[in-house]
Amino acid sequence: MIVKTKLIFSTEVKDTEYWTDLPFIPRINEWLNVIDILKKEELVAIWQSAQNWSGIHGTVQSVEYRRDDKDYYVEIYVWCED
């Protein structure tokens, strides 16, 4: 099952949002391989705002189920600092 997903990648400096479709829903405190999800330029933008980040994975801080006007989606907050 593919799930409409709003990913919020957070660093000490800023939060960046991306929409995607994920075939799974990660759990809190799991690592998420960010390098497998984002394009290179998107990854670089997050890496540049981080204080200390490897650029490979982030830690899932929260998973919330939300609804907009049309559909349900999952909002995942990912911490991108090592």
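I started with Lys4 and Asp68, whose side chains meet in a salt bridge at 3.4 Å, N to O. Lys4 is in strand β1 (residues 3-10) and Asp68 in the loop between β4 (57-67) and β5 (72-79), so this pair ties together parts 64 residues apart in sequence. A reminder to myself: this is a predicted model.

Then I checked how open the two ends are. Lys4 comes out partly exposed, at 32% relative accessible area. Asp68 is partly exposed too, with 29%.

Next I looked up Glu75 and Lys6. Their side chains form a salt bridge as well, 3.6 Å from N to O. Glu75 belongs to strand β5 and Lys6 to strand β1, so here the pair links parts that are 69 residues apart in sequence. Buried or exposed, I wondered, for Glu75 and Lys6? Both are buried.

On to Arg66, which makes a salt bridge with Glu64; their closest N and O atoms are 2.5 Å apart. Arg66 is partly exposed at 32% relative accessible area, and Glu64 is partly exposed at 34%. I noted that shared partners join Lys6, Glu17, Glu64, Arg66 and Glu75 into one salt-bridge network. My tally of salt bridges for the model is 5.

Now the rings. How many aromatic pairs are there? I get 2. In one of them, the ring centres of Phe9 and Tyr18 are 6.0 Å apart and the planes stand at 55 degrees, so I wrote the pair down as tilted. Phe9 is buried, at 0% relative accessibility. Tyr18 is buried as well, at 17%.

Trp19 and Tyr73 make an edge-to-face pair, with 5.0 Å between centres and 65 degrees between planes. Trp19 sits in strand β2 and Tyr73 in strand β5, so the pair ties together parts 54 residues apart in sequence. I found Trp19 partly exposed, with a relative accessible area of 46%, whereas Tyr73 is buried at 12%.

Last stop, Thr11. I found Thr11 in the loop between β1 and β2 (15-22). Its relative accessible area is 5%, so I put Thr11 down as buried. What is Thr11 in contact with, leaving aside its neighbours within four places in sequence? My list reads Ile46, Ser49, Ala50, Trp79, Cys80 and Glu81.

Methods
Residues numbered from 1 in each chain as written. Predicted model: local features only at pLDDT ≥ 70, side-chain atom pairs only at ≥ 80, totals over all residues. Heavy atoms only, no water. Salt bridge = Lys/Arg side-chain N within 4 Å of Asp/Glu carboxyl O. Helix = DSSP H or I, 4+ residues; strand = E, 2+ residues; numbered from the N terminus. Buried < 20%, exposed > 50% of the residue type's maximum accessible area, 1.4 Å probe, protein only. Contact = heavy atoms within 4.5 Å. Phe/Tyr/Trp six-rings, centres within 6.5 Å; stacked < 30°, edge-to-face > 60°.
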